[in-house]
Amino acid sequence: MFLALALLGLLLLVAGIISIIVPLKFIGISSRKKALMPLLAGFVVLGVASSQLDTEHNQAAQEAGFDSVKDYRHAKELGITSPEEYAPIKAKALAAEAEKEKEEQAKQLALDTQKAQNAGFATIEEFEAAKKAGFDTADAYAEHMKKEAFFAIPAEQTQFVAAVQKATESYRAAKNELAQGGTRSKRKENVCAVLSSLEVQNWVGQLEQLTSNSDGLGVISVRLADGVTVKTWNNAFSDIGDNTLIEPSSALFSKVAELDKNQRIRFSGRFFSSDLDCIKEPSISLRGSMTDPEYIMRFYNVETP
């Protein structure tokens, strides 16, 4: 079957090649399209022939009791017809391959170790982690890791953000205004459950607003995550009793004055208790409070690496 298909495929290919050459010289270039038909048919038939050959080899290997066509062909090359006789030869070959692979791995390990040492790394694992992070030297990677450790997000912040974002999702998924209203009280319950106190330490965020009010007092807002912000008041009237606006004479003002908008910071501060939201959130509308909450905070400290 294979030979018949192979011969047919070759004949079709030859016919296609001839039909290309002849029309180009005697008939015209437009006849080349007709030549593609026997060429394509030839390739298809040869593909079928190859598949048929594989099927025949697989069948022959199975009938002879070999595990694979590869083993069957190798055995035939060695003049062996019995799987039992071939088994020790295969085992020896596999052992040799395993030993060779082991030697190659040892060589590669030695090369990687040398590269890591040259770059100043103590272990290959650190070297690979540094390369993955885009750093070529131990010093640069150490600085990167120091920065990552500095900006490690506390578990309480993670839980707080999750509670707020979950409430936002619930609000948007609510079927009617009544159901939407219920999501606010549920958020209050969840936020109070995750906050151990109104004081927070070493939370991490990105400076979104960095300005001052008409009296020259500092106004900042910090984005913790998508749709979750903490901020000072932006006017003296609203700030009565909360004292969140930053005095120009304070050490905090001096620190904040050196920062840039959108800069990543670590901060500590204090929320304000609220019967409605657990902590004070001043949005005028329910929608604003649930989809883009901005919690009021008195900042104690702001840090960068």
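**Lys231, which is buried at 16% relative accessibility, forms a salt bridge with Glu294.** The model shown is predicted, so that local features require pLDDT of at least 70 and side-chain atom pairs pLDDT 80 or more, while totals for chains, interfaces and linings use all residues. Residues are numbered from 1 along each chain as its sequence is written, and side-chain values rest on heavy atoms, without hydrogens or water. In this pair, the closest N and O atoms are 3.1 Å apart (a salt bridge is a side-chain nitrogen of Lys or Arg within 4 Å of a carboxyl oxygen of Asp or Glu). Helices (H or I, at least four residues) and strands (E, at least two) are DSSP runs numbered from the N terminus. In contrast to buried Lys231, Glu294 is partly exposed, with 26% relative accessibility. Buried denotes under 20% relative accessible area, exposed over 50%, and partly exposed the range in between (1.4 Å probe, protein chains only).

**Arg223 forms salt bridges with Glu208 and with Asp226.** The N to O distance between the side chains of Arg223 and Glu208 is 3.6 Å. Because Arg223 lies in strand E2 (residues 218-225) and Glu208 in strand E1 (residues 199-212), this pair ties together parts that are 15 residues apart in sequence. For the bridge from Arg223 to Asp226, the closest N and O atoms are 3.2 Å apart. The relative accessible area of Arg223 is 25%, which places this residue in the partly exposed class. Glu208 is likewise partly exposed, at 32%, whereas Asp226 is exposed, at 62%.

**Arg184, Arg187 and Asp277 are linked by a network of salt bridges.** The structure as a whole contains 10 salt bridges. The network of Arg184, Arg187 and Asp277 may be viewed together with the pairs from Lys231 to Glu294 and from Arg223 to Glu208. Of its 305 residues, 32% are buried.

**The largest pocket is lined by residues that include Ser68, Lys70, Asp71 and His74.** Tyr86, Lys90, Ala93, Leu94 and Glu97 also belong to the lining. Helix H3 (69-77) and helix H4 (83-118) each contribute at least two lining residues. The largest share of the lining comes from H4, with 5 residues. On a 1 Å grid over the protein atoms alone, a pocket is an open set of points where a 1.4 Å probe fits, with protein on both sides within 12 Å along at least five of seven lines; lining residues have an atom within 4 Å of a point.

**Lys166 is an exposed residue of helix H7.** Helix H7 spans residues 155-173. The relative accessible area of Lys166 is 54%, and the residue therefore counts as exposed. Which distance, C-alpha to C-alpha, separates Lys166 and Thr183 in space? The two C-alpha atoms of Lys166 and Thr183 are 9.5 Å apart, while the residues are 17 apart in sequence.
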